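Hello,

Here is the structure I promised to pass on. Please open it next to this email; my notes follow below it.

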Amino acid sequence: DITPYTDYMEKLTSIFAPDELDDVDTQPEIDYPAYSSADFLSDVYMNGQDYKTLVNVLKMKKNIILQGAPGVGKTFTAKRLAYSIIGAKNPDRVQMIQFHQSYSYEDFIEGYRPTENGFTIKKGSFYKFCKMAEDDDENDYFFIIDEINRGNLSKILGELMMLIEKDKRGEKIKLLYSNEWFTVPQNVRIIGMMNTADRSLALMDYALRRRFAFFDFAPAFPSEGFKNYLAEKNSPKLESLITAVESLNNTISADESLGDGFRIGHSYFCTDGEITDEWLKSVVEYEVIPLIKEYWFDEPTKVR
């Protein structure tokens with residue numbers, strides 16, 4: 001009403017037209033399926049006390065590594081653990097990646113990447129995830145790293161080795177490439193998975209080890225959940241095979257060159273389908289036997 005620049009005002013007003021403003025934030029809120037601790041215990045063969053311990057350790061330490069032999073359900077458990085703490089199957093607050101020998105700081109945090117006109121700084125997966133969690137600090141976010149010991153952790157984490165510590169959360173540090181201040185929010189939880197049976201991998205150094213809690217995953221053959229699974233399948237041949245595998249695991253545990261971390265996991269014997277002779281034969285001949293041949297590669301008599 002008071003400006004002499006009425007034409008200019010009309011142009012500005014047309015940019016922010018009311019019908020455009022009405023379209024902002026009109027996306028309906030997604031109602032994700034609920035997921036409770038009872039759902040977790042139904043899906044994962046773990047007793048209630050171990051689940052409570054796992055949740056408490058993760059909440060206290062903020063960083064945890066699920067370690068165990070292949071087939072004990074580490075990867076299967078990780079997302080379900082996150083969902084059970086969130087209370088819903090919300091994929092927006094859970095992200096999973098896998099480390100490997102070529103994975104680097106540039107993939108994880110930031111780095112220069114080629115473009116049509118040269119190079120530009122691109123942000124990595126963990127950087128983007130932390131920024132998303134920072135904008136929603138009332139809710140927990142879970143960053144899951146499969147095969148965490150396959151990557152060069154000190155190279156991948158860089159200056160974040162300090163920031164991921166539970167008592168350093170919220171502190172800021174300048175990033176290597178962009179010189180930007182960055183922090184790992186309090187509400188970000190890191191869940192790593194580590195295969196204890198892979199002898200080709202180096203152990204984590206102590207500086208990194210003290211930043212994580214470690215939770216051992218054992219084969220769940222004695223658990224109530226697995227016993228219920230056997231009862232549901234009602235297959236004498238499968239039960240006989242499980243008895244043999246439990247005996248084999250005792251032998252593996254007693255072997256000085258192997259130990260508990262090399263035991264055969266229960267997930268090899270879990271299926272949604274029918275238990276048939278062909279399926280049992282394929283599991284034994286093409287999964288279990290090659291594994292124990294690898295374990296005792298220099299003792300063929302023991303393998304037989």
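D140 sits in the loop between helix 7 and strand 5. Keep in mind that this is a predicted model. D140 is partly exposed, with a relative accessible area of 23%. Leaving aside residues up to four places away in sequence, D140 touches I85, I86, R93, N187 and R189. V188 is 48 residues from D140 along the chain, yet their C-alpha atoms are separated by 6.1 Å.

One of those contacts carries charge. The side chains of D140 and R189 form a salt bridge, at 3.7 Å from N to O. R189 belongs to strand 8 (residues 188-195), while D140 is in the loop between helix 7 (125-134) and strand 5 (141-146), so the pair ties together parts that are 49 residues apart in sequence. R189 is buried, because its relative accessible area of 9% is under 20%.

**Other salt bridges**

How many salt bridges does a search of the whole structure find? The count is 14. Side chains of opposite charge can pair when their charged atoms come close.

R211 and E165 make another such pair, at 3.0 Å from N to O. This pair also links distant parts of the chain. R211 is in the loop between helix 10 (206-209) and strand 9 (213-216). E165 is in the loop between helix 9 (160-163) and strand 6 (173-174). The two are 46 residues apart. Both R211 and E165 are buried.

D167 and K168 are joined by a salt bridge too, at 4.0 Å from N to O. D167 is exposed at 52% relative accessibility, because the cut-off for exposed is over 50%. K168 is partly exposed, at 22%. There is also a network: E110, K123, K131, E134 and E180 are joined into one by salt bridges that share partners.

**Helix 11 against helix 12**

Now for a pair of helices. Helix 11 (residues 224-233) packs with helix 12 (residues 236-254) at an angle of about 150 degrees. Their axes are 8 Å apart. Which residues meet there? From helix 11 come F226, Y229, L230 and K233. From helix 12 come L238, E239 and I242. By class, the contact has five nonpolar residues, two charged and no polar ones.

Take a look at I242, in helix 12. Is I242 buried or exposed? I242 is buried, with a relative accessible area of 3%, which means a value under the 20% cut-off. I242 touches F221, F226, L230 and F269, not counting residues up to four places away in sequence. E232 is 10 residues from I242 in sequence and 15 Å away in space, C-alpha to C-alpha.

**R263**

R263 is found in the loop between helix 12 and helix 13 (277-295). R263 is partly exposed, with a relative accessible area of 22%. N249 is 14 residues from R263 in sequence, and their C-alpha atoms are 5.2 Å apart. With residues up to four places away left out, the contacts of R263 are A69, P70, A218, P219, N249, I252 and S253.

**A nonpolar patch**

I15 lies in helix 1 (residues 6-15). I15 is exposed, with a relative accessible area of 51%.

**Two backbone points**

K62 has a positive phi of about 75 degrees, although K62 is not a glycine. K62 is in the loop between helix 4 (48-61) and strand 1 (63-68). K62 counts as buried, at 10% relative accessibility.

N179 is another non-glycine residue with a positive phi, of about 60 degrees. N179 lies in the loop between strand 6 and strand 7 (181-182).

**Where to begin**

Then go to R211 and E165, a buried pair. After that, turn to helix 11 and helix 12, with I242 among the residues that meet there.

Best wishes

Terms used: Residues numbered from 1 in each chain as written. Predicted model: local features only at pLDDT ≥ 70, side-chain atom pairs only at ≥ 80, totals over all residues. Heavy atoms only, no water. Helix = DSSP H or I, 4+ residues; strand = E, 2+ residues; numbered from the N terminus. Buried < 20%, exposed > 50% of the residue type's maximum accessible area, 1.4 Å probe, protein only. Axes fitted to C-alpha atoms, helices over the stretch in contact; angles between N-to-C directions. Contact = heavy atoms within 4.5 Å. Nonpolar A, V, L, I, M, F, W, Y, C, P; charged D, E, K, R; others polar.
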